Amino acid sequence: MSEPAAFTPVRPTRCFEDLAVGERRVSAPRTVTREEMLDFARQWDPQWFHSDAELATQSVFGEVIASGIHVLALWRQMDHEINSDIDFVCGIGWDEFRLKKAVRAGDTIHVTSEIVELRPSTSRKDRGTAITRYAVINQRGEEAVSFTSINLVYTRSGRNSREASASASA
């Protein structure tokens with residue numbers, strides 16, 4: 001199994017003004033094992049075709065497959081690898097979410113992100129909206145999962161206000 005890169009929290013450096021439509025990032029690959037799929041499913045999504053390798057042979061998939069929730073947890077790890085430098089306020093939604101291909105034991109996946117739209121807020125100068133298209137892609141170049149994520153991102157003025165407020169209360 002290829003382990004995710006060790007994550008060390010760092011303060012994000014990029015604000016809304018630093019982002020560009022068309023910006024594309026790609027994570028390192030990660031191989032998914034049968035054992036991790038079973039362990040995850042038994043704890044978080046115990047459907048029989050995710051959590052029991054023997055019973056899963058009787059499913060339409062013919063073998064155990066990763067839970068969609070597991071694939072999203074892997075996406076989240078890989079997204080932090082490539083986008084943790086963005087000063088997000090928070091995510092506010094996903095559109096066009098699709099589970100397109102099953103992730104199977106031995107699949108090697110990676111994540112792509114592409115900023116497709118940037119909208120300054122019309123009501124709050126401390127943030128803007130970044131629309132990003134994400135995909136989890138397998139070793140055959142097939143999209144296993146795709147969606148569009150809507151995220152609020154701090155502007156420089158929002159970041160400076162936040163920092164000043166934190167300093168004043170310290």
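Modeller: Contact means heavy atoms within 4.5 Å. The model is predicted, so local features need pLDDT of at least 70 and side-chain atom pairs pLDDT 80 or more, while totals for chains, interfaces and linings use all residues. Residues are numbered from 1 along each chain as its sequence is written, and side-chain values use heavy atoms, with hydrogens and water left out.

Colleague: How many helices and strands are there in the chain?

Modeller: Five helices and six strands. Both are DSSP runs, numbered from the N terminus: helices are H or I with at least four residues, strands are E with at least two. Their order from the N terminus is β-β-α-α-α-α-β-β-β-β-α. The C-alpha atoms fill a box of roughly 60 × 35 × 25 Å along the principal axes.

Colleague: Why is Arg-159 called buried?

Modeller: Buried means under 20% relative accessible area, exposed means over 50%, and partly exposed is in between (1.4 Å probe, protein chains only). Arg-159 has 13%. That is under 20%, so Arg-159 counts as buried. Arg-159 sits in helix 5 (residues 156-169). Setting aside neighbours within four places in sequence, the contacts of Arg-159 are Arg-11, Pro-12, Thr-13, Arg-14, Cys-15, Asp-87 and Tyr-154.

Colleague: And why does His-70 count as buried?

Modeller: The value for His-70 is 4%. The limit is 20%, so His-70 is buried. His-70 belongs to helix 4 (residues 68-83). Beyond residues up to four places away, His-70 touches Val-32, Glu-36, Met-37 and Phe-40.

Colleague: Which residues of helix 1 are buried?

Modeller: In helix 1 (residues 34-44), they are Glu-36, Met-37, Leu-38, Phe-40 and Ala-41. Their cover includes strand 2 (30-31), helix 2 (48-51), helix 3 (53-56) and helix 4. Across the chain, buried residues make up 42% of the 170 residues.

Colleague: How many aromatic pairs does a search of the whole structure find?

Modeller: Nine. One of them is Trp-75 with Phe-147, 5.0 Å centre to centre and with 80 degrees between the planes.

Colleague: What makes the pair of Trp-75 and Phe-147 edge-to-face?

Modeller: Rings of Phe, Tyr and Trp (its six-membered ring) pair if their centres lie within 6.5 Å; planes under 30 degrees apart are stacked, over 60 edge-to-face, and the rest tilted. Here 5.0 Å is within 6.5 Å and 80 degrees is over 60, so the pair is edge-to-face. The partners are 72 residues apart, Trp-75 in helix 4 and Phe-147 in strand 6 (residues 143-154). Trp-75 is buried at 4%, and Phe-147 is buried at 2%.

Colleague: Why is the pair of Phe-97 and Phe-147 called tilted?

Modeller: The centres are 6.0 Å apart and the planes stand at 45 degrees. Ring pairs link Trp-75, Trp-94, Phe-97, Tyr-134 and Phe-147 into a cluster.

Colleague: Why is Trp-94 called partly exposed?

Modeller: Its relative accessible area is 39%. That lies between 20% and 50%, so partly exposed is the term. Trp-94 is in strand 3.

Colleague: Which residues touch the most other members of the largest nonpolar core?

Modeller: A nonpolar core is a set of buried Ala, Val, Leu, Ile, Met, Phe, Trp, Tyr and Cys residues joined through side-chain atoms within 4.5 Å. The largest has 23 residues, and Val-103, Ile-109, Val-111, Val-136 and Val-145 touch the most other members. Helix 1, helix 3, helix 4, strand 4 (108-120), strand 5 (127-137) and strand 6 each give two or more residues to this core. Helix 4 gives the largest share, six residues. Apart from this core lies another of six residues, among them Phe-16, Ile-86, Ile-115 and Ala-130.
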